[in-house]
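My notes follow the structure.

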Amino acid sequence: MIRFLLKKFVPDCDRVEDPAVRERYGIFSGSVGIILNLSLFAGKLLAGLLSSSISIISDAFNNLSDAGSSIITLIGFRISGEKPDADHPFGHGRVEYITGLIVSIIICMMGVELGRESFAKILHPSPVSFSPLIGGILAASIAVKLYMYSYNRAFAKKLGSVALSSTASDSRNDSIATTAVLAAQLVYYFTSRSASGSGINLDGISGLAVAAFILYSGITSVIDTINPLLGQEPDPELVSGINAVVTGTHPILGMHDLVIHDYGPGRRMVSLHAEVPSDMTLVAAHELIDGLEQRLNAQFHMETVIHIDPVDRDDRLTQQLREKLIEFLDYLSPDFLFHDFRIVKGESHTRILFDVNVPFGTRMTDEEIVRYLRDRFHQLDAAYRVIVSVDHYKK
């Protein structure tokens with residue numbers, strides 16, 4: 001059913017890099033979520049009132065909050081699909097991350113509230129009642145939530161959407177929560193029909209367990225959704241793919257300083273430095289890099305800006321000093337790397353310029369590394385002037 005509706009309302013559903021298609025996905029998912037969650041709220045509220053069960057009533061209002069979350073998701077995708085304007089030249093794509101964060105916070109709030117009410121129920125238990133109608137409503141709710149989890153997870157995976165991923169996690173949590181509630185109702189029903197006639201009331205305990213699970217999932221979702229806003233390590237597979245295209249382009253000698261700027265799903269920009277032979281003409285280098293930028297844009301759907309670094313591989317002094325630098329860095333750690341090495345010869349001194357890459361968590365400070373390298377080159381020749389920048393990478 002979802003596939004049929006998706007093709008009807010999102011005709012270009014495979015073009016997930018298109019912001020307009022992503023917007024339609026979000027609106028579609030949010031609209032379906034609102035309808036289903038409001039239906040579940042009405043059914044569970046009826047079941048909770050009939051059974052006098054705090055866990056069922058809490059679960060019902062959880063679905064009502066889910067409807068609100070669906071509205072937030074819908075609005076978020078609608079705003080994120082807006083075109084760039086004077087105040088937001090890179091578009092509004094990060095709004096999708098913000099809506100995912102809001103949904104995650106709502107999940108946490110519901111977990112805390114459900115835990116509070118369930119704890120009160122444990123301290124002051126009250127009898128509950130069960131009927132086939134109540135069991136049927138809860139079972140149907142579990143099935144619907146599993147279905148919502150299934151299609152939202154598929155959408156999230158296809159679009160790489162943290163907002164839809166949070167929505168999918170919420171649906172999964174709801175199905176688990178309702179299963180626990182139903183199990184508690186069944187335990188009470190069957191134990192109350194025993195010879196003693198006193199049923200085992202797990203209503204408050206099951207509600208507390210469900211609250212803990214929801215809270216844990218909400219905190220996890222908060223972390224997952226806040227990382228893109230703070231800036232996180234790019235996908236290693238994406239980095240590897242970009243590196244393969246760049247270094248596989250003749251006559252490029254190497255690549256470094258790759259930065260991926262994330263302005264929201266489908267709105268990423270790439271900047272990098274490409275090393276080219278120093279004897280290339282400016283026109284030839286520009287033509288080479290211009291074509292490479294177009295290929296990267298077409299293959300990875302990202303605007304690309306490439307800085308050219310000329311490298312002289314034939315100069316004897318350059319080669320000698322490169323080998324010395326390798327020796328100096330190996331003494332510190334085999335994990336210390338360098339790039340963009342070049343020298344500029346002057347009348348009274350020679351400048352040696354390069355960047356050093358060290359892993360995050362290195363014990364030596366950047367200042368200590370720079371001072372060590374300057375001292376070592378100065379020992380070779382007092383006329384050497386070392387200009388070095390220290391970058392960090394994840395090992």
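I went to the end of α5 and found G160 following the helix, with a positive phi near 65°. I took helices (H or I, at least four residues) and strands (E, at least two) as DSSP runs, numbered from the N terminus. This is a predicted model, so I noted that local features need pLDDT of at least 70, side-chain atom pairs count only at pLDDT 80 or more, and totals for chains, interfaces and linings use all residues. Residues are numbered from 1 along each chain as its sequence is written, and side-chain values use heavy atoms, with hydrogens and water left out.

Next, the span of α5. The helix covers residues 132-159, 28 residues in total. From first C-alpha to last it reaches 40 Å, close to the 40 Å expected at 1.5 Å a residue. The expected span is 1.5 Å times one less than the number of residues.

Then the aromatic rings. I paired rings of Phe, Tyr and Trp (its six-membered ring) if their centres lie within 6.5 Å; planes under 30 degrees apart are stacked, over 60 edge-to-face, the rest tilted. That rule gives ten aromatic pairs. One of them is F338 with F341, edge-to-face at 6.2 Å centre to centre and 75° between the planes. F341 also pairs with F354, stacked, at 5.8 Å and 25°. F341 sits in strand β4 (residues 337-345) and F354 in strand β5 (residues 350-359), so this pair ties together parts 13 residues apart in sequence.

I checked burial too (buried under 20% relative accessible area, exposed over 50%, partly exposed in between; 1.4 Å probe, protein chains only). F341 is buried at 3%. F354 is buried as well. F338, at 22%, counts as partly exposed.

Last, I logged one aromatic cluster: Y25, F28, Y147, Y151 and F155.
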